[in-house]
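Have the model open while you read.

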Amino acid sequence: MSENNEQRDEQGHDDGHHVNYFKIYVILLILFAISVVGPEVDELTGLRWITLITAFGIAFVKARLVVNNFMHLAWERRIAKWLLASSLILLLLFVAGVAPDVMNHEGNNWENVAAKQAVERGLAAASGYSEEEAESEGPVEEVIAAGFSAQNSFGQICATCHGVGGEGDGIAGAALDPAPASFIDPVFWQGRDRDRVITVIRDGAAAVGGSALMAPWGALYTDDQLEQMADYVMSFRPNQ
Amino acid sequence: MADTLAEVQKQEVHGHDHDHHDQGFVSKYIFSTDHKIIAMQYLFTGMLMGVIGGYMAYVFRMQLAFPGISVPGFGQVSPGEYNSLITNHGSIMIFWVAMPVLIAAFGNYLIPLMIGADDMVFPRINRLSFQVFFVSSVVLLLSLFVEGGGFGGAWTSYPPLSASGDYNLTQLGASLWLIAVALEFVAFLLGGINFITTLMNSRAPGMKAYDIPMVCWMIVIASILFMLSVGPLLAGAVMLLFDQTLNTGFYDPARGGDPILWQHLFWFFGHPEVYVVLLPAIGITVDVMATFSRKKLFGYKLVLYTAVATGVLSFFVWAHHQFIAGIDPRMANVFTVTTLLISVPIAEMLFVMIATLYGGSITLTTPMLWALAFLAEFLIGGVTGIFLGASGADIYFHDTYFVLAHFHYTFFPIAIIGTFCAFTYWFPKMFGKMMNETLGKIHFWGTIIPFNFIFIPLFVLGMGGQHRRIYNFEHFPEIAGPEYFQLRQIATIALLIMLAFQAVFFFNVVMSWWKGEKAGRNPWRANTLEWTTESPPPHGNWPVEDLPTVYRGPYEYGHPDREEDYWPQNLPG
Amino acid sequence: MAHARPIATTRSATGIPTPRLAVWWILASEVVIFGGLLGAYLMHRIGHPEWAEAASHTQTWIGAVNTFVLLTSSFTAVLAHQAAEKGKGKEAAKLLAFTILGALTFLMIKSYEWTIEIMAGYTITANTFWSFYYTAAGLHALHVIAGAIIMGFIAVDAYRGRELHRVEIIGIYWHFVDVVWIFLFPLLYIAK
């Protein structure tokens, strides 16, 4: 039926712990008050570390008080402490292993362009520009805008069919019929000019009566980027 | 401590009322809280999902060997469908076959029986865990039939592909897949609580920690690994779900997120997960080997501590899945060392198996054949992992079929061989009938031989540079030649043969259940407690006043003081 | 009660009663769930100083009131445990009812707070800081709701003098929910 004192030993508690819960509660409230007031002091004195200590340091102390006294972990069998400790250690392991990748935005040979751009935009917005201006348009456009290079884009998107050298010998193009165009072939350029190149890239070859295998890519490029892509394709054209 | 337990037991000896008369079919079999029924529910759901996952493998392997054909029983395979098939094949086999069968089904069935308890300590949470699992299976299968089709972004579900319907073209399928996986995680968290607390607390009087059969230890260690590793991924899955449905930017670099974070969250869980399924399979194998060599397990404490060490170490190797994702090469060094190191405890467990067999009086029953096959095939899988664990070699091998063949040489022994080993061994206890040995052996050879013919060609193809997750190799001239296609066809035909032989298994199960020879309590003359009760065990496992007391360890075979070559744990003196 | 309790529940080889052992394991897994989420948040926050602008719009004083509410509810929960240990079912039920009241107050204040923020345009998609904010606080709030519901069932049983040992169990879970908030509060509200 209901628990009585004789069964307390069997509950795994050490006997004779008498915690004054009210005292602990009052201490918790005092610590809480300090942690709220901390940032105000921080602003007055300009000492950032005060916030860190008051906010997070106190959080740890409060947590420890609750865990030990309200949850009675201090009087619990060792196994419970060990299993909680191991979950905390694994958590720290996770953060330690992941932080070098996620927290940094640059390393020895790499740079997280998109993240850096996001940081810059955000800081610019905070210092006065409107939120709308700083709003991103969409992930793909953003990344490309951040570091757009027609050569890179050609390599990523066009070369699989048209080949890195624009000869129509890309690996994905091998199975296509008609075969992808070769930009180094003078015959290809008969009757085609730069404007047509822009149209085909943007709207697909079907838009000019060609094969639907050449898909429309306009969604990926701004007008300025289309011009750059056309210039790059034109650069394969053999001189007359 | 013993006094306290005895006192408590005396007080509660009438605690298990038998107010279960006149239970209808529904409440007895559908809504049961009996651990054995719940185990069966998991077993059958898991096996059904296995059939579905196998069907998917059939379809995509047909496409790979004979590109463009109309696959009998499916039709032509579009690239999107191909991606969806491989994604769901992988997810199903790991989350809806290996885990429910090895851990939930056999854990639920065996743990209370092997420790001399009448049920799990939280029967209703047990039932709830199956219900959540069942819902997760339904959600997953539903995801295959919604608009856009099933999710096709690989079982690893990396963003940005998985985060946006614009990229993966399976918006609804992707979210349903993710919800199904999250529900499956919750089901196993709930189930794990039962396994762990029951094993820790509810052992028979006299059963010390080192008297517990290895399979119980392994399932519980696996549950602990699972509980401690799945947390960050569950958080990450919620974040991914929000990216998919609410258009948040958790994994979008342009909005301050990071796709690499997902990779870390996923693999921090993903790597311990493979040991979550490996350890129970090793436990099953080891128990079966001891029984059929009539010999004590070579190093009980060694295996136990090694399993714990493997579990701990498994948390330190996860980034070997990300060697070429652009991580700091110095981090890659660290993870190479830890990955190579983890092969040591596992190799040790395989050595223990060999040492147990050596000098034993071996009977090649069907379960024993499966246990031996586990040893042989997993060995191949394990050593090929060494190549992949070295970050330098992995630069070439990553994402090739070499990886795929490696993990099938590890997963297949775990999920399939382990399942058949356990099923054929404990079938007599579960159903009270013996399985037909001849059919069992035919099924065994008809599975193992084709299995090797499926995956050895894939090692060769992988070394030749064939990449994963490509639906038609005709598009890659260097690996589209006839000799390459021949290897792919050998693999596919071997798969067809292997799938055909599974009919022998199903036939055997049905015929044995219906007309098999009666099994009696202990047909294998084994030591552990489950063999002391009826086959199948009644509700409550033993009569309430007759719960077993334990006097020795589980592997006392061939003891010199005994005339019999086995010494059940519950026999006094 | 449709199902009798198995004898297995009465055994305790570790010395910790099974329900309490179970709740420690549940907490261990919750530590990694919340820890994973908050760890991810922390790593991003440190790498993205520009989130300070967004973070400055969290309502620190409302968060502070909620912290006070949760701390007090933890206090009433442990007093309920004390009463249950002495066999005083009705008093334990009363104290649990106060704890549930604290939970409801917390949720109402949070709804009010979120309404203000959403109407000011700080939605979950406004900025990744806000995405983390709503996800973390939302996950916590879900645990508050779940805890309050279970606590309700246990309080009803306790009032009738039954299953008093469960008061301690739900108490331990409740203190954990409080501890998570103890860390959420500085992370989301104070560290600007």
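1. A word on terms before the count: helices (H or I, at least four residues) and strands (E, at least two) are DSSP runs, numbered from the N terminus. Keep in mind too that this is a predicted model. With that, chain A comes out with 10 helices and 0 strands. Reading from the N terminus, its elements simply go α-α-α-α-α-α-α-α-α-α.

2. Staying with chain A, how much of it is buried? Of its 240 residues, 24% are buried. As for contacts within chain A, if you take those between residues at least 6 apart in sequence, 40% join residues at least 24 apart.

3. Chain A is also split into two domains: domain 1 covers 7-102 and domain 2 covers 148-234.

4. Next, chain C against chain A. Here 47 residues of chain C are in contact with 45 residues of chain A. On the chain C side, at least two residues each come from α1 (18-47), α2 (51-55), α3 (60-85) and α6 (165-190). Which of these supplies the largest share? That is α1(C), with 13 residues. By class, the side of chain C that touches chain A divides into 27 nonpolar, 16 polar and 4 charged residues.

5. Chain C also meets chain B: 49 residues of chain B are in contact with 34 residues of chain C. On the chain B side, the elements giving two or more residues are α1 (2-11), α5 (123-143), α7 (171-201), α8 (214-246) and α9 (259-293). The one that gives the most is α8(B), with 11 residues. The side of chain B that touches chain C has 26 nonpolar, 15 polar and 8 charged residues.

6. α16(B), residues 482-515, has 34 residues and reaches 49 Å from its first C-alpha to its last, close to the 50 Å expected at 1.5 Å a residue.

7. Which residues of α16(B) are buried? They are Leu487(B), Arg488(B), Ala491(B), Thr492(B), Ala494(B), Leu495(B), Met498(B), Phe505(B), Asn508(B), Val509(B) and Ser512(B). If you want to see what they pack against, look at α3 (35-65) and α15 (437-463) of chain B.

Key: Residues are numbered from 1 along each chain as its sequence is written. Chains are lettered from A and ligands numbered from 1 in the order in which they are written. This is a predicted model: local features need pLDDT of at least 70, side-chain atom pairs count only at pLDDT 80 or more; totals for chains, interfaces and linings use all residues. Two residues are in contact if their C-beta atoms, placed from the backbone, lie within 7 Å. Ala, Val, Leu, Ile, Met, Phe, Trp, Tyr, Cys and Pro count as nonpolar, Asp, Glu, Lys and Arg as charged, and the others, Gly among them, as polar. Domain bounds come from an automatic or database domain assignment. The expected span of a helix is 1.5 Å times one less than its number of residues. A residue is buried if 20 or more other C-beta atoms lie within 10 Å of its own, exposed if 12 or fewer, and partly exposed in between; C-beta atoms are placed from the backbone.
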